[in-house]
Amino acid sequence: MAEKTFAEINAKIRAGKAVVVTAEELVQFVAEKGVGRAAKEVDVVTTGTFAPMCSSGAFFNFGHSAPRIKFHRVWLNNVPAYAGLAAVDAFLGATALPEEDPLNKNHPGEFRYGGGHVIEDLVAGRPVRLKALGYGTDCYPRREIETVVTLNDLNEAVLFNPRNAYQNYNCAVNLGPKTLYTYMGVLKPRLGNAHYSTSGQLSPLLKDPYFRTIGVGTRIFLGGGTGYVVWNGTQHFPGLLALPEGAPPVPAGGTLAVLGDLKQMSPQWLRGTSMLGYGATLSVGIGIPIPVLNEEVCYWASRPDSELYAPVVDYAEAYPNRRPGNLGFVSYAELKSGRIIIEGKEVPTAPLSSYVKAREISNILKQWILEGKFLLGEPVQLLPGPDAGITPKTLEIRDSGRRNR
Amino acid sequence: MAPSKVVLRFPAAIADKPIIFHLVKDYDLMINILKANINPHKEGTMVLDVVGEKTEAGLDFLRRQGVGVQPLTEDIVRNEERCTHCGACTAICPTGALYLERPAMFVRFDSEACVVCQLCVRACPMHAMEVRF
Ligand code: SF4
Ligand code: SF4
């Protein structure tokens with residue numbers, strides 16, 4: 001069949017004639033009418049995900065005080081931000097913790113407040129305490145500043161998340177004898193539960209496993225505002241996982257670096273999050289439109305939960321010690337059913353990623369496109385896909401040879 | 001005076017032992033079982049109304065058997081604004097009071113089934129589960 005182009009689809013969106021469906025609706029459509037017809041009739045498929053994403057943060061420019069200060073150290077609500085930039089620029093990471101946080105001293109620590117919570121406070125319009133120290137220079141004489149700022153007071157506030165929207169993720173279990181407090185939630189001993197964290201058939205990168213449409217410049221729903229894919233994320237490993245017994249291979253770990261204006265965003269879609277015994281982070285809402293350029297794109301975008309698989313990984317021994325291998329694969333349909341079988345045992349499952357919010361995002365994005373206020377961004381460069389042959393590098397412990405200096 | 005309503009948590013190893021029976025027989029207590037539940041991992045939870053002079057001694061007996069004893073002076077409520085329906089609490093809640101409604105995947109909270117064990121209060125990443133005194 002004929003290929004569609006981004007320009008043709010955008011012309012239809014402008015004219016209010018584009019056919020837009022959510023990924024959930026596409027699954028249904030293709031199951032009933034076939035992929036050929038869907039590829040002809042549908043122009044855009046919207047996806048969504050809402051989950052904790054640790055590699056998130058924001059750049060700020062606070063404007064200059066009189067007299068001026070060059071930040072050497074800076075804190076927002078007592079959470080340290082990175083000041084190794086120009087005078088009043090700073091980057092606040094989602095997992096940064098307040099100076100006085102007891103951390104895991106009283107295990108499991110609660111991590112009630114951190115960088116992600118500061119970001120939520122800012123987008124909610126709440127005032128945030130800014131404290132900074134300088135060392136004093138001829139041009140920036142002030143050595144200390146303490147004030148209160150709101151998002152509107154700042155020159156720029158840009159959400160810049162180096163790694164978001166994990167394509168696929170482990171289903172985490174605990175084979176050990178004691179409860180584990182992890183970034184995958186509380187894992188009960190001896191296969192007491194299994195936690196997973198993608199939205200399956202709604203998950204953006206599971207719907208474009210070969211990166212045929214997503215790249216630098218893709219316009220997205222980010223935190224309730226408009227954002228962009230600006231690069232691949234860190235730890236972007238888009239290779240396919242081989243399933244046993246000739247089943248179709250499943251996407252592994254493609255990721256995205258995304259950016260957007262924090263001032264457009266809302267606390268409903270950027271949430272400070274606390275993982276008991278692990279740390280603080282930010283839950284981020286992301287929605288990506290997939291243009292139905294051809295039948296192949298449509299085929300992948302329409303794969304249902306029953307054809308998407310996650311590897312089951314033990315977080316008692318295998319994960320912390322970086323041992324390769326897994327305990328097998330389970331489909332998202334099985335995970336969502338509430339029970340899976342691992343090593344002959346029935347294990348209750350629970351998600352960490354909100355399917356309800358993912359669906360809501362896919363619907364909001366659909367609405368934006370139908371109303372003609374969101375056009376597709378054609379990538380200036382696609383991201384590396386499974387064929388790029390990217391393999392993970394590991395961190396080896398070497399002697400620096402500098403001990404005697 | 002000892003609290004009259006208590007929440008008991010039984011580890012799997014003792015969940016099937018006739019422990020409550022001893023409260024009645026050895027400590028002369030009047031027991032009213034308000035809620036009782038055994039989850040698939042054989043851990044039990046129970047909410048009791050206990051009346052009698054030897055209540056404190058009876059509760060000490062329970063603690064010696066390895067039963068977790070907590071006064072029931074609180075209620076658990078869900079802050080609907082903060083809950084994102086992520087589901088992270090659903091495999092943690094021992095009684096199924098927090099559960100996923102399939103296939104829509106909304107997380108429902110059935111306060112009738114809640115035994116105020118408070119596990120969700122710390123496990124909820126959004127701090128949506130709150131203790132109300
Ligand atoms: S863990 Fe918290 S936010 Fe998530 S569904 Fe349960 S109550 Fe709601
Ligand atoms: S306190 Fe929370 S975890 Fe415990 S029974 Fe009630 S809802 Fe479930």
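## The interface between chains A and B

Chain A and chain B bury about 2,300 Å² between them, with carbon and sulfur atoms giving 55% of that area; buried area here is the accessible area (1.4 Å probe) that two parts lose on being put together, summed over both. K188(A), R271(A) and V356(A) supply 22% of what chain A buries against chain B, more than any other three residues. This is a predicted model, in which local features need pLDDT of at least 70 and side-chain atom pairs count only at pLDDT 80 or more, while totals for chains, interfaces and linings use all residues. Side-chain values use heavy atoms, without hydrogens and water, and residues are numbered from 1 along each chain as its sequence is written.

In contact terms (heavy atoms within 4.5 Å), 33 residues of chain A meet 23 residues of chain B.

## A salt bridge across the interface

The rule finds one salt bridge between the two chains, counted when a side-chain nitrogen of Lys or Arg is within 4 Å of a carboxyl oxygen of Asp or Glu. R82(B) and E120(A) form a salt bridge, their closest N and O atoms 3.1 Å apart.

## A look at N161(A)

Away from this topic, let's turn to one residue of chain A. N161(A) is buried, at a relative accessible area of 0%, where buried means under 20% (1.4 Å probe, protein chains only). Setting aside neighbours within four places in sequence, the contacts of N161(A) include S55(A), G57(A), L222(A) and V284(A). A polar atom of the N161(A) side chain lies 3.0 Å from the backbone nitrogen of G57(A).

Methods
Chains are lettered from A and ligands numbered from 1 in the order in which they are written. Buried means under 20% relative accessible area, exposed over 50%, partly exposed in between (1.4 Å probe, protein chains only). A polar contact is a pair of N or O atoms within 3.5 Å; within protein, one must be able to donate a hydrogen and the other to accept it, and residues adjacent in sequence count only if both atoms are side-chain atoms.
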